[in-house]
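Please keep the structure in view while reading.

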Amino acid sequence: MYLSFSKKRNRLMRISTIILCFCMFVCIIHAGKIHTVKKNETLSAIAGKYGVSTTSLQTYNGISNPNLLFVGKKLKIPDSSIRQIQYTVKKGDSLGSISSRFGIKLSDLTSKNNIDRPDLIKVGQKIIIPITGGSVKKSSLLPASLIKSLTSIRPTAKKWTKIIIHHSATPTDDALNMHRVHKARGMKNGLAYHFVISNGSRKAYDGEVYIGSRWKGQLDGGHVKKLSLNKTSIGICLIGNFEKKSPTTKQLTALEGLCEYLMKRCSVPKSQVTTHKIIHPGHTACPGKLFSLPSLIRRLDP
Ligand SMILES: [Zn+2]
């Protein structure tokens, strides 16, 4: 009697183990749907292929700008039953930057998370990002007109391996003036940097990205001492003296967007985003003690 009961129990356990394994297998298959982006594929085409909305695909993968899909990127395909994802607030985030990163409305974010004071979010706070099935909402940290200008310039293949960040070390300035000054200093191509990000001084607006002629012509920079580094490094200068005053939020947002764009377009890894001071220790304080490279790196996509 005891033996046969034990046999039955064993058989039952075996069957339930098989069922459990089968379920886990199905779950793994279900959760593991990954799509690798191929040449000329768009987010909406990929979404259509899997029968999900473009917005849900964009939100699920935290893509801030669908125009910046790069070949080889692995996209997680959301299950249609998934309606939301969780995001942990990082240093430097605002509810506005999170909503634009995920391409959803700020009001949807505040209502979903019962947030009365959007200015009081804390680092480490968990935010629910609702996934909606609507049409694609193009959003980016950079304005569409700038993306358009950037897209029209084809970077020289394999030329750029590093991004070096500088400050102007002056409280106010603008790219055209810097261009004139650099020319007067004997640089025949003028402006030594490829890009300048304004702090709103002079005629430019706060966070405005100026594309220099060296980027348009894919010319070497003139922003660091070493010639070999100027040949391979993209120079970005933020206007301001960050030894005395922090960069503006809009400058940092533009810098994050520009770095992400350039990293994807030129296949520059995050580890190669650096500062002038790191390149030339002891030689310069550029871009100043109030500029934090680690916080920029934390905010960049992997
Ligand atoms: Zn510098």
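A residue is called buried if 20 or more other C-beta atoms lie within 10 Å of its own, exposed if 12 or fewer do, and partly exposed in between, with the C-beta atoms placed from the backbone. The model is a predicted one, in which local features need pLDDT of at least 70 and side-chain atom pairs count only at pLDDT 80 or more, while totals for chains, interfaces and linings use all residues. Residues are numbered from 1 along each chain as its sequence is written. Helices (H or I, at least four residues) and strands (E, at least two) are DSSP runs, numbered from the N terminus.

**Helix α7**

In α7, the residues Ala175, Met178 and His179 are buried. They lie on the same side of the helix, because they cover an arc of only 105 degrees around the axis, the arc being that of the directions from the helix axis to the C-beta atoms. The face turned away from this buried side carries the exposed residues Arg180 and Ala184. Among the elements that cover the buried residues of α7 are β6 and β7, where contact between two residues requires C-beta atoms, placed from the backbone, within 7 Å. After α7 comes Gly186, which has a positive phi near 100 degrees.

**The nonpolar cores**

A nonpolar core is a set of buried Ala, Val, Leu, Ile, Met, Phe, Trp, Tyr and Cys residues joined through C-beta atoms within 7 Å. The largest such core has 35 residues, and Ile163, Phe195 and Leu258 are among those with the most contacts inside it.

The largest share, eight residues, is supplied by α10. A second, separate core of eight residues includes Ala47, Tyr60, Ile77 and Ile131.

**Cys237 in strand β8**

Is Cys237 buried or exposed? Cys237, which lies in strand β8, is buried, because 27 other C-beta atoms lie within 10 Å. Leaving out residues up to four places away in sequence, Cys237 touches His166, His167, Ser168, Tyr193 and Val196. Of these, Ser168 is 69 residues from Cys237 in sequence, yet the two are 6.3 Å apart in space, C-alpha to C-alpha.
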